[in-house]
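Open the model in your viewer and keep the selection tool ready. We will go stop by stop.

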Amino acid sequence: MPMNLDSVEAVVFQAWSEGRDRLFEHEVYKLIQAAGAVRVPQTVFRKRTEAFTQADVDGMPGERVVLKVVSSELAHKSDVGGVRFVARELDAVNKVAQELAAVASQHGARLDGVVACEYLEHGEASLGNELFVGIRASREFGPIIAAGLGGTHAEYLASTMQTGK
């Protein structure tokens, strides 16, 4: 399946037009979907305190959804209580979305919105069960794609490593 370059361009242009140099999680899913690489979780993004609708909730499979605060100033949402699992019910989703909106202000961060993600069952969280993928621009090498162990376990491991050796 060929990559849908129009979709890629639209996602990148949207971020650029908002003055961002990073993509949000739901935008990365759009890029992956445009590349046809894998099936991505279903997501619905609502700007700032915009409420989710019944159609948003009904469109999610399963009995639960994952709600995440979206802020370009909060890189590690789980560290600040910005990730919540909630029953797939409109009132519950909107109540928790409002709570997550408050998380950004409690940490002095700008709120960009809240994303509802399809809940995907997965095994116990352990080192090696999550993947980190990042893209950076280097003056010396140009664009660089980095991939490796991801998740909070990898972050802990990185924080305990000795530097300069």
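Where is the place of Phe45? Select Phe45: its place is in strand 1. Helices (H or I, at least four residues) and strands (E, at least two) are DSSP runs, numbered from the N terminus.

Before moving on, note that this is a predicted model: local features need pLDDT of at least 70, side-chain atom pairs count only at pLDDT 80 or more, and totals for chains, interfaces and linings use all residues. Residues are numbered from 1 along each chain as its sequence is written, and side-chain values use heavy atoms, with hydrogens and water left out.

**Stop 1: around Phe45**

Phe45 and Gly113 are 68 residues apart along the chain, yet their C-alpha atoms are separated by 7.0 Å. Not counting residues up to four places away in sequence, Phe45 touches His26, Val70, Asp112, Gly113, Val114 and Val115. Contact means heavy atoms within 4.5 Å.

**Stop 2: the second largest pocket**

On a 1 Å grid over the protein atoms alone, a pocket is an open set of points with protein on both sides within 12 Å along at least five of seven lines; a cavity is a set where a 1.4 Å probe fits but cannot get out; lining residues have an atom within 4 Å of a point. Volume here is the space filled by probe spheres set on the points, which are joined across faces, edges and corners.

Which element gives the largest share of this lining? Helix 2 does, with three residues. By class, the lining has three nonpolar, two polar and eight charged residues. Ala, Val, Leu, Ile, Met, Phe, Trp, Tyr, Cys and Pro count as nonpolar, Asp, Glu, Lys and Arg as charged, and the others, Gly among them, as polar.

**Stop 3: two helices**

Select residues 5-17, helix 1, and residues 25-35, helix 2. They pack at an angle of about 165°, with axes 9 Å apart. Axes are lines fitted to C-alpha atoms, for helices over the stretch in contact, and angles run from 0 to 180 degrees between N-to-C directions. The two helices are therefore roughly antiparallel (over 145 degrees).

**Stop 4: the largest cavity**

Select Val44, Phe52, Asp56, Val57, Met60, Val65, Val93 and Ala116, which line the largest cavity. About 40 Å³ of space lies inside.

Conventions:
Parallel < 35°, antiparallel > 145°, perpendicular 65-115°, else oblique.
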